[in-house]
Amino acid sequence: MQKFIVKGGRRLRGELALQGSKNSALPIMAATLLCGGECRLNNCPRLTDIYSASRILNCVGCRCTFSENTAVVDSSVVNETVISEELMREMRSSIIFMGAMLGRTGECTVSVPGGCELGPRPIDMHLAAMRKMGVDIRESYGRIICRAPSGKAHGARISLAFPSVGATENIILCAVTAEGETVINNAAREPEIRDLCGFLRACGANIKGDGESKIIIKGAGKLHGCEYTIMADRIVGATYLSMTAASRGEIILTNACVPEMEPFLSVLEQTGCSVYTNENKIYLRSGARLKAVKDRIRTMPHPGFPTDAQAVLMAALTVSDGTSVFEENIFDCRYRHTDALVKMGADIQVLGKVAIIKGTPRLHGAAVEATDLRGGAAMVLAALAAEGTTEIDRISHIDRGYEKMEETVRKLGGDMQRG
Ligand code: EPZ
């Protein structure tokens with residue numbers, strides 16, 4: 001199994017063009033199923049989760065190929081509606097192929113998705129919404145058999161109990177070709193939802209209100225292929241900004257989605273870093289030891305502080321001056337990375353959904369194992385800020401969301417090898 005070997009103590013500095021967003025590319029790849037033609041997706045990140053999505057597309061009859069950071073999907077043919085358990089288990093995002101398959105063929109057989117272990121990750125809201133749209137759903141031996149009796153789902157008014165990103169995406173994917181109008185109340189407002197809707201509008205879909213809590217979708221007959229550029233990854237941006245801040249370095253992020261990163265930037269600035277933004281650039285300089293964040297950092301649905309940035313900011317604050325407090329409100333078990341940070345010398349106390357971070361003068365190298373995607377990135381960040389050498393195992397978690405992290409870190413002057 002591959003590992004990262006990181007030697008800490010260097011200041012990161014340089015310029016970085018942000019990769020395309022994983023959490024935007026994945027639902028958009030599922031959405032290509034609806035087009036019945038060719039789609040070209042530019043700024044598509046080269047990640048293991050993206051390859052999982054392409055395997056699902058190929059297994060249902062589409063042809064998905066990559067050149068550099070462009071994915072080309074030809075969905076003229078869809079001749080399979082069953083997605084194997086093995087493919088479903090590869091990532092959480094596999095579940096949004098349910099909405100896309102229903103939107104294209106009116107039926108599909110899937111199973112409970114895999115993905116990061118962040119606590120129970122039910123799909124009850126996804127299934128309840130599909131049923132409201134007239135889809136029969138039978139569960140047997142872990143398989144979820146879905147079929148719209150009339151061959152097509154129909155529009156519905158759906159109020160989500162929680163603004164679930166995945167459930168919002170699944171409803172949109174099923175509704176764009178359904179009979180009639182669908183209204184989603186309490187929809188997720190994450191930027192990746194707006195990117196998915198931007199792609200679908202480019203394919204001829206009729207969607208209004210994305211980015212707000214109420215989204216209205218008018219079912220269209222057929223959609224067509226298009227060329228689309230995927231938005232930059234705001235969480236990867238938050239990761240490298242936190243990494244640079246903890247190393248007391250400086251960085252310019254280009255092609256960043258600045259407005260979408262404001263909820264994170266407004267907290268990062270409280271650590272005493274200098275942050276300047278203009279159009280799609282973010283400049284950060286952090287010459288001194290970070291300050292602790294005075295206000296409690298509460299993870300919330302967008303436009304609140306993003307849960308995906310919790311682990312990396314926490315790692316940066318382990319070497320700050322003072323005490324910071326996190327409150328994780330989205331997932332039940334998203335502090336699995338703290339044991340590894342404590343092993344590296346961090347002072348962290350977890351009490352249910354609250355984590356108390358007392359800044360320590362320095363961290364030291366250790367042998368640790370990545371627990372999940374963002375937790376693994378947090379360990380790399382801590383290792384770069386630590387004295388000595390850290391070995392991080394199970395880095396396949398990190399490769400799911402970060403393009404060649406070791407090359408990016410080396411480009412910024414850090415000492416990191418894949419071993
Ligand atoms: C998406 O996951 C992202 N993944 C996650 O990013 C992100 O953390 C999350 O949204 C929140 O922003 C992708 O986009 C591929 P949810 P998703 O449905 O859709 C509960 C990363 O690091 N829930 O908004 O699974 C659920 O258990 C990943 O890139 C139900 O109870 O998130 C969780 O507690 C990690 N029933 C909460 O809602 C449901 O039917 C938020 O989940 C659905 C969700």
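Predicted model: local features only at pLDDT ≥ 70, side-chain atom pairs only at ≥ 80, totals over all residues.

Biologist: Is L57 buried or exposed?
Modeller: Buried, with a relative accessible area of 0%.

Biologist: How far apart are L57 and L33, in sequence and in space?
Modeller: They are 24 residues apart in sequence, and their C-alpha atoms are 7.6 Å apart in space.

Biologist: Zooming out, how many helices and strands does the protein have?
Modeller: The secondary structure comes to 14 helices and 23 strands. The radius of gyration is 21 Å, close to the 22 Å that the globule rule gives for 419 residues, so the protein is as compact as a globular protein of that length.

Biologist: What share of the residues count as buried?
Modeller: Of the 419 residues, 59% count as buried. The accessible surface comes to about 15800 Å², and 48% of that belongs to carbon and sulfur atoms.

Biologist: What about contacts between residues at least 6 apart in sequence: what share of them join residues at least 24 apart?
Modeller: That share is 73%.

Biologist: On to charges. How many positive and negative side chains are there?
Modeller: There are 50 positive and 47 negative side chains, and the centres of the two sets lie 2 Å apart. Side chains of opposite charge can pair when their charged atoms come close.

Biologist: How many salt bridges does the structure hold?
Modeller: It holds 18 of them. One joins the side chains of R10 and D415, at 3.9 Å from N to O.

Biologist: Why does the R10 and D415 pair tie together parts that are 405 residues apart in sequence?
Modeller: Because R10 lies in the loop between strand 1 (4-7) and strand 2 (13-17), while D415 belongs to strand 23 (residues 415-418).

Biologist: What is the N to O distance for R234 and E192?
Modeller: Their side chains meet in a salt bridge at 2.7 Å. R234 is in helix 8 (residues 234-246) and E192 in helix 7 (residues 191-202), so to speak two distant parts of the chain, 42 residues apart. R234 is buried, with a relative accessible area of 10%, and E192 is buried too, at 4%.

Biologist: Which residues do salt bridges with shared partners join into one network?
Modeller: R296, R298 and E327.

Biologist: Changing topic: how many residues of helix 10 are buried?
Modeller: 8 of its 8 residues, so helix 10 (residues 310-317) is mostly covered. Among the buried residues are Q310, A311 and M314.

Biologist: What does H337 touch, not counting residues up to four places away in sequence?
Modeller: H337 touches Q310, A311, M314, T371, G375 and M379. It is placed in the loop between strand 18 (323-327) and helix 11 (338-343), and H337 is buried, with a relative accessible area of 1%.

Biologist: Last one: where is N280 found?
Modeller: N280 is in the loop between strand 15 (274-278) and strand 16 (281-285). N280 is partly exposed, with a relative accessible area of 32%. Leaving aside neighbours within four places in sequence, its contacts are L253, T254, N255, A256 and V258.

Biologist: And how far is the N280 C-alpha atom from that of N170?
Modeller: The two are separated by 29 Å, and they are 110 residues apart along the chain.

Definitions and conventions: Residues numbered from 1 in each chain as written. Heavy atoms only, no water. Salt bridge = Lys/Arg side-chain N within 4 Å of Asp/Glu carboxyl O. Helix = DSSP H or I, 4+ residues; strand = E, 2+ residues; numbered from the N terminus. Buried < 20%, exposed > 50% of the residue type's maximum accessible area, 1.4 Å probe, protein only. Rg over C-alpha atoms; globule rule 2.2 N^0.38 Å. Contact = heavy atoms within 4.5 Å. Areas by Shrake-Rupley, 256 points an atom, 1.4 Å probe, with all protein chains shown as cover. Lys, Arg positive; Asp, Glu negative; His and termini not counted. Charge placed at Lys NZ, Arg CZ, Asp CG, Glu CD.
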